[in-house]
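Good morning, everyone, and thank you for making the time. Please have the sequence and the three-dimensional view open while I talk.

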Amino acid sequence: MKLDSRKELRFANGRLRSPESLRFTVYRSRDTAHPRKRHRRILVSETERLCYVGHNFGSGVMKCNSLCRYFVGVLDKDSGQMEVYNAEMFNMQPLLSDNLIPDDTKDYQKKSYREKVDLCIEAFGTSKQKRALSSRRMNAVGSDIVSTAVTKAAANIIDAKGVTVLSPAEYEALRVPAAALAGATAEDIAKKAEERSHCSFVLEELKFLPADEKSRDHKARCLWFLDTLIKFSHLKVIKKKHPMGPECPHIISRKLMKNFTSLTYNNGSVQNLVSASMKAKITAYVIVLALHINNFQTDLTVLQNDMKLQESRILDIAKALRLKVSKAKGVPGLENDQNHKLGTLSLPLPVQKAPVGQRKRKKIN
């Protein structure tokens, strides 16, 4: 009988097909003087696909009776003799995060139960489980797109100094195209409204341009860029080099293509696409510009109609920007002038709450 120590392993995710191909490494605690830590071991097993980690301490250890000793017997079929070894139990779990090293599973342990299950489904799930996981994630894409795009847009746009949508060179490039708006008379505004050459928000704000020349020029530039963003959001696949026409400065066209489109491949060629996430980003910029123009308060319903959005979408973006949303009577003559939503940026900022619909879906799942 032999009483050498042996490691008894249990793999958490299934059965091994080729155990002889596994490679094992044991890590021992350096604190040999400590009565408990000197017995700590971390066992690492590597396969072609995954790395497995088990340890005999901490929260992931198997629930074995510490007052008992465990043995494993190996029977030699030829001689009929059995060799008995001391056994130490290890629960081997797959290490699914690429940024973890074998002796550090803290990041993995911090994941929620739902996240751990999803990782296991990705690696070992059936086709049906993977389709269900993909479907559930696709259902959350809308809110993820809005949250990601709005967070980035808000960080780049709003700061203590005001609006930082445009660089100094881009702002200067707006002087020429915005001059027509700055010098618009009442007759010009009426003609523009008849021709629908600008969005409703801009046409309404042109009626209230400041008398001061500098302030008037600044507001006209902001209105021209806001109007351009809204028109740009209506595009789908952009095939022209200057999609907004020759009157749009080259530096502004380049900014629109770089910041508000995503590249896609179609029939072997690269195309610029105004995707759902890009439209959400444009919407965030438009809302912030409107807040800047209207002293941190704007009619969200007018912007919604101009951008051809659903009310729920623009309200989601407004709430992500931490605006206070309230009901207000719209401008007479506009569509749904009795049921407008007003967005206000004020301190303290409201606390974001999870949408009720998402909580219901989680309960169903």
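Predicted model: local features only at pLDDT ≥ 70, side-chain atom pairs only at ≥ 80, totals over all residues.

Residues are numbered from 1 along each chain as its sequence is written, and side-chain values use heavy atoms, with hydrogens and water left out.

The chain holds 14 helices and 14 strands, where helices (H or I, at least four residues) and strands (E, at least two) are DSSP runs numbered from the N terminus. Of its 365 residues, 34% count as buried, and by buried I mean under 20% relative accessible area, with exposed meaning over 50% and partly exposed lying in between, for a 1.4 Å probe and protein chains only. If we take the contacts in the chain with a separation of 6 or more, 58% of them are between residues 24 or more positions apart, a contact being heavy atoms within 4.5 Å.

Let me turn to the strands, starting with β3. How many of the 6 residues of strand β3 are buried? For this strand, residues 41-46, the count is 5, so β3 is largely enclosed by the rest of the structure. On one hand, β3 pairs with strand β2, residues 23-28, in the antiparallel sense over 6 bridges, and here two strands are said to pair if DSSP finds at least two bridges between them. Within that pairing, Phe24 stands opposite Ser45 in β3. On the other hand, 5 bridges join β3 to strand β4, residues 51-55, and these two strands also run antiparallel, with Ile42 having His55 in β4 as its bridge partner.

The next sheet is an open one of 3 strands, in the order β9-β11-β10, with antiparallel pairing. Its edges are β9 (237-238) and β10 (262-266), each of which has a single partner strand, so one side of each is left without a neighbour in the sheet. Between β9 and β11, the latter covering residues 269-273, there are 2 bridges: Val237 has Leu273 as its partner in β11, and Ile238 has Asn272. Between β10 and β11 there are 5 bridges, again antiparallel, and Tyr265 stands opposite Val270 in β11.

Another open sheet of 3 strands has the order β12-β14-β13, with antiparallel pairing. The edge strands are β12 and β13 (324-328), each pairing on one side only, and the twist averages 25 degrees from one strand to the next. Strand β14, residues 340-344, is joined to β13 by 5 bridges, and in β14 the bridge partner of Lys327 is Lys341.

This brings us to a residue in that sheet, Thr298, which lies in strand β12, residues 297-299. Is Thr298 buried or exposed? Thr298 is buried, because its relative accessible area is 1%. Leaving aside neighbours within four places in sequence, Thr298 is in contact with several residues, among them Phe201, Leu303, Lys341 and Gly343.

Now to the helices, where α6 (residues 175-182) and α9 (residues 213-233) pack at an angle of about 105 degrees, with their axes 8 Å apart; axes are lines fitted to C-alpha atoms, for helices over the stretch in contact, and angles run from 0 to 180 degrees between N-to-C directions. That makes α6 roughly perpendicular to α9, given that angles of 65 to 115 degrees count as roughly perpendicular, under 35 as roughly parallel, over 145 as roughly antiparallel and the rest as oblique. The residues that meet include Leu181 and Ala182 in α6, and Leu223 and Trp224 in α9.

Helix α2 has 12 residues and reaches 16 Å from its first C-alpha to its last, close to the 16 Å expected at 1.5 Å a residue, the expected span being 1.5 Å times one less than the number of residues. In α2, the residues Lys116, Asp118 and Ile121 are buried.

Finally, Lys111 is found in the loop between α1 (106-110) and α2 (113-124), and Lys111 counts as partly exposed because its relative accessibility is 28%. Not counting residues up to four places away in sequence, Lys111 touches Lys116 and Leu119.
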